[in-house]
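Please keep the sequence and the model in view while reading.

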Amino acid sequence: MIEIDFLRHVPLFQHLSEDDRIRLAESIKLQRLKKGEILFNKGGAGDALYIIKKGRIKIFLSSHAGDEVLLTIFSEADFFGEMALLDGMPRSADAVAIEPTELLLLNRNDFISFLNHNSNAVQAVLQSLSQRLRRTDDLLEDTCFLQISERFAKKLVELATQHGRQEGDMIFIDLFLTQKDMASMVGATRESINKELRTLREKGLVSIQENMICIHNLERLKRRAH
């Protein structure tokens, strides 16, 4: 059975009673992915909700030419896949593990039953969907009105806040993102991101160490984002 203690720390399940968590755990299955293994593709059947127990999942769109747009990265205790379960439509993007990952799966019937009996969970799902829609609106606004330097600085601040690991005065973003990945996240070219990284290094704001982005001064980076 899935560890009940872990479910206590998942926002979607925090308001459940202990008995409800135990019953829910009986419906959940565990899936393990290797680094680089595909979880699902755009257009596939949306038949499960996923909760990350360990690791990270990249959500992206890809073209026939092989180009990618990196939409977001989910990590421990994040849940995703609910949109296809709610509207019955196919998956709207691709998902791949960017490191060894353990996922908890809740199938569509059990998920709908769970929502029908837990109003707090419905609120959590709606809040998550609203936040993701707002992020999409923000990205569109940023692409239209901000310069690449501002968009990139803003994205680095976001990544540092969501995925950063603090060590002393430095914040390490150990997502092993390529310049192409970072470019796709802010609607820019790889060459533009290469230039921005060089500028940020010269200003002493960031550095690259073993494929990790190191933030040296988060406050100055925030000011650059505005």
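Contact here means heavy atoms within 4.5 Å. The model is predicted, so local features need pLDDT of at least 70 and side-chain atom pairs count only at pLDDT 80 or more, while totals for chains, interfaces and linings use all residues. Residues are numbered from 1 along each chain as its sequence is written, and side-chain values use heavy atoms, with hydrogens and water left out.

**A97 and its surroundings**

Beyond four places in sequence, A97 touches L33, K34, K35, G36, E37, R56 and I57. A97 belongs to strand β7, residues 94–97. Strands (E, at least two residues) and helices (H or I, at least four) are DSSP runs numbered from the N terminus. The relative accessible area of A97 is 2%, so A97 is buried. Buried means under 20% relative accessible area, exposed over 50%, and partly exposed in between, with a 1.4 Å probe and protein chains only. Between A97 and K58 there are 39 residues of separation along the chain, but their C-alpha atoms are separated by 6.2 Å.

**D174 and F176**

The loop between β10 (170–173) and α7 (179–186) holds D174, and F176 lies in the loop between β10 and α7 as well. D174 is buried because its relative accessible area is 18%. F176, with a relative accessible area of 46%, is partly exposed. Apart from neighbours within four places in sequence, D174 is in contact with R56, H163, R165 and M212. With R56, the side chain of D174 also makes a polar contact of 3.5 Å. A polar contact is a pair of N or O atoms within 3.5 Å; within protein, one must be able to donate a hydrogen and the other to accept it, and residues adjacent in sequence count only if both atoms are side-chain atoms. R56 is also among the residues that A97 touches.

The backbone of F176 has a phi near 55°, a positive value in a residue other than glycine. A77 is another such case, with phi near 80°. A77 is placed in the loop between β5 (68–74) and β6 (79–80), and at 16% relative accessibility A77 counts as buried.

S207 sits in strand β11, residues 206–209, and its 15% relative accessibility makes it count as buried. Residues touched by S207, not counting those up to four places away in sequence, are R201, M212, I213, C214 and H216. M212 is also one of the contacts of D174.

T189 lies in the loop between α7 and α8 (190–202). At 40% relative accessibility, T189 is partly exposed. T189 and E37, 152 residues apart in sequence, are 26 Å apart in space, C-alpha to C-alpha.

| Residue | Partner | Polar contact distance |
|---|---|---|
| D174 | R56 | 3.5 Å |
| S207 | H216 | 2.7 Å |
| T189 | S192 | 2.8 Å |

**R224**

Helix α9, residues 218–225, contains R224. Is R224 buried or partly exposed? Its relative accessible area is 23%, so R224 is partly exposed. Leaving out residues up to four places away in sequence, R224 touches S149, E150, A153, E196, T199, L200, K203 and L205. A93 is 131 residues from R224 along the chain, and the two C-alpha atoms are separated by 31 Å.

**The chain as a whole**

The protein chain has nine helices and 12 strands. Its radius of gyration is 19 Å, close to the 17 Å that the globule rule gives for 226 residues, so the chain is as compact as a globular protein of that length. The radius is taken over C-alpha atoms, and the rule is 2.2 Å times the number of residues to the power 0.38. Along the principal axes, the C-alpha trace spans about 55 × 45 × 30 Å.

Of the 226 residues, 43% are buried. Among contacts with a separation of 6 or more, 68% come from residues 24 or more positions apart.
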